Amino acid sequence: MVSASASKDRYILYGAPGSGATPVHAALTLIGAEVDAVDVSPWESEAERERMAGVNPMRQVPALVLPSGEVMTESAAILIWLGDRYPEAGLCPVPDDPLRTRYLRWMVYLPAAIYAMYWVRDEPTRLTPDPAAQAVMLERTAERIAHCWHLMDTQIDDPAPYLLGEKLSMLDLYVTVLSRWTPGRRRFYREAPRMAGVVRRVDADPRLAEFWAARYPFTKGEQT
Ligand SMILES: N[C@@H](CCC(=O)N[C@@H](CS)C(=O)NCC(=O)O)C(=O)O
């Protein structure tokens with residue numbers, strides 16, 4: 001049950017389909033808040049990065065303008081804040097819930113161990129001008145990401161039907177989107193067989209069917 005106030009809250013979300021703004025947008029959809037989406041793809045070009053400069057000095061998405069006018073960046077922080085802001089949506093364990101430790105651990109693991117790799121991957125010239133070295137970096141960061149998924153899969157307790165057990169949480173939304181990025185879903189299923197069923201369940205959640213279709217549809221063969 002979502003409170004009446006959620007439907008009156010209006011957010012501006014800078015991002016683009018498939019970006020780190022997607023789990024935030026999915027969360028706002030479940031919460032029932034109004035979202036004005038501004039599509040910007042900073043990983044695609046310098047011009048797109050410049051479009052973000054006035055909103056987020058890191059020139060990255062997601063950035064969320066709250067109803068108060070404050071700008072929040074950092075996907076995990078945004079998701080955690082939204083979970084706490086709308087407890088009635090039930091998208092996170094409350095602070096004294098024993099599941100809170102597991103929730104925070106993995107919510108921070110994702111941007112620290114996995115998402116951060118894409119700063120290099122999106123523009124390998126940032127770290128080296130040598131094309132051969134860039135190719136090695138792309139290969140090794142993809143392997144590192146796959147390994148981190150595998151580690152999470154072996155460490156997370158009883159991930160069924162959702163990553164924290166009975167209830168779908170921000171963590172499920174976050175993993176469902178990030179697991180589609182390079183090296184992609186097929187590799188994810190192999191590296192993280194225990195979490196594979198969870199992301200498929202979130203892909204198929206009827207409350208998000210319209211959202212996924214509009215904002216992050218699967219390409220042919222991606223999901224199988
Ligand atoms: N730590 C940030 C990372 C954000 C990030 O890397 N966003 C990507 C898009 S998914 C981006 O804007 N990349 C462009 C760039 O880094 O230049 C977060 O978790 O929100």
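Helices (H or I, at least four residues) and strands (E, at least two) are DSSP runs, numbered from the N terminus. This is a predicted model, in which local features need pLDDT of at least 70 and side-chain atom pairs count only at pLDDT 80 or more, while totals for chains, interfaces and linings use all residues. Residues are numbered from 1 along each chain as its sequence is written, and side-chain values use heavy atoms, with hydrogens and water left out.

**Two loop residues**

Ser41 sits in the loop between strand E2 (34-39) and helix H3 (46-53). Buried means under 20% relative accessible area, exposed over 50%, and partly exposed in between (1.4 Å probe, protein chains only). Ser41 counts as buried because its relative accessibility is 12%. Contact means heavy atoms within 4.5 Å. With neighbours within four places in sequence left aside, Ser41 is in contact with Ala16 and Glu48.

Val55 belongs to the loop between H3 and strand E3 (63-65). Leaving aside its neighbours within four places in sequence, Val55 is in contact with Tyr14, Ala63 and Val71. From Val55 to Asp84 the separation is 29 residues in sequence and 24 Å in space, C-alpha to C-alpha.

**The two domains**

The domain assignment of the chain gives domain 1 (4-89) and domain 2 (100-205); such bounds come from an automatic or database domain assignment. The C-alpha centres of domain 1 and domain 2 lie 20 Å apart. Across the boundary, 21 residues of domain 1 are in contact with 16 residues of domain 2.

Buried area is the accessible area (1.4 Å probe) that two parts lose on being put together, summed over both. Domain 1 and domain 2 bury about 1300 Å² between them, with 66% of it on carbon and sulfur atoms. In domain 1, Pro23, Leu79 and Ile80 lose the most area to domain 2, together 30% of what that side buries.

A salt bridge is a side-chain nitrogen of Lys or Arg within 4 Å of a carboxyl oxygen of Asp or Glu. The count between domain 1 and domain 2 is 1 salt bridge. Helix H2 (21-31) and helix H4 (75-85) are the elements that give two or more residues to the side of domain 1 that touches domain 2, and H4 gives the most, with 7 residues.

**Salt bridges**

By the rule above, the count comes to 14 salt bridges. The table lists some of them.

| Pair | Closest N to O distance |
|---|---|
| Arg100 and Asp84 | 3.0 Å |
| Glu46 and Arg59 | 2.9 Å |
| Glu191 and Arg187 | 2.9 Å |

Glu46 counts as partly exposed because its relative accessibility is 43%. Arg59, at 22% relative accessibility, also counts as partly exposed.

The pair of Arg180 and Glu222 also links distant parts of the chain, 42 residues apart. Arg180 is in the loop between helix H8 (170-178) and helix H9 (185-191), and Glu222 is in the segment after helix H11 (209-215). Both Arg180 and Glu222 are buried.

Glu191 and Arg187 both lie in helix H9, 4 residues apart, about one turn of the helix. Both Glu191 and Arg187 are buried. Salt bridges that share partners join Glu46, Arg49, Glu50 and Arg59 into one network.
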